[in-house]
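Please have a look at it before I go on.

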Amino acid sequence: NRIENAIKEVLGDDVKKQTETVVAGTLKYSNKEGNNVINYHILKTTYYEAEPNDIKGLNVDALGVLFNPESANSCKEMKIKDWDAALYEFDEISYLCWTDTPEASYVLEYNPNVVPDEEIIKMAESAEVPEDK
C-alpha cells in the first residue's frame, strides 16, 4: 500500500496502524417521490494497535468517515436509550449519531427542514442494533 509506505517514510518504522473505520452499510429511506431522504449509516471500527476499551461514549473519531464533527454549526449531546449520542447540525443536513460498542457506531443523516429532529430521535430510539452472528 503506497500510502502506508509514505506514512512510514515520514513518521518512521515504529508507526503502526491504530484503527480503521469503514461504512459497513448505508440504508436509504425515502417516500415514493424520493423526497424526505434519510440515510442510516452503520460504521464498523477495527482496532489494530489502539485499545477499544479507550473508547468511552460516542466514538467521535469514527464519525470522521462521514463528516467533520468539528465543523458542525452546533452539537447537542444526549442519550439514545443507554448510548451516548450527539446531534450535529449543519446548514442543510443533520447527523444523529450514537455508539453501541467501540466497534459499532450508527448515524442517521437527514434534512432537518424536512424531517423534525424529534422524529429522528424517535427513530433512533426504536433502532435495533444488529447482533453479530
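Predicted model: local features only at pLDDT ≥ 70, side-chain atom pairs only at ≥ 80, totals over all residues.

Of the 133 residues in the chain, 34% are buried, where buried means under 20% relative accessible area, exposed over 50%, and partly exposed in between, with a 1.4 Å probe and protein chains only. The chain exposes about 8,500 Å², of which carbon and sulfur atoms supply 47%, the areas coming from the Shrake-Rupley method with a 1.4 Å probe, and for residues only the protein chains shown count as cover.

Residues are numbered from 1 along each chain as its sequence is written, and side-chain values use heavy atoms, with hydrogens and water left out.

The chain has three helices and six strands, taken as DSSP runs (H or I, at least four residues, for helices; E, at least two, for strands) and numbered from the N terminus. From that end, the order is α-β-β-α-β-β-β-β-α.

Which strands does β2 pair with? Strand β1, residues 19-29, runs antiparallel to β2 and is joined to it by ten bridges, while strand β6, residues 104-110, pairs with β2 in the antiparallel sense over six bridges; pairing here requires that DSSP finds at least two bridges between two strands. Within β2, N39 stands opposite K28, and N39 also stands opposite E109 in β6. Strand β2 itself, residues 38-47, is mostly covered, with eight of its ten residues buried.
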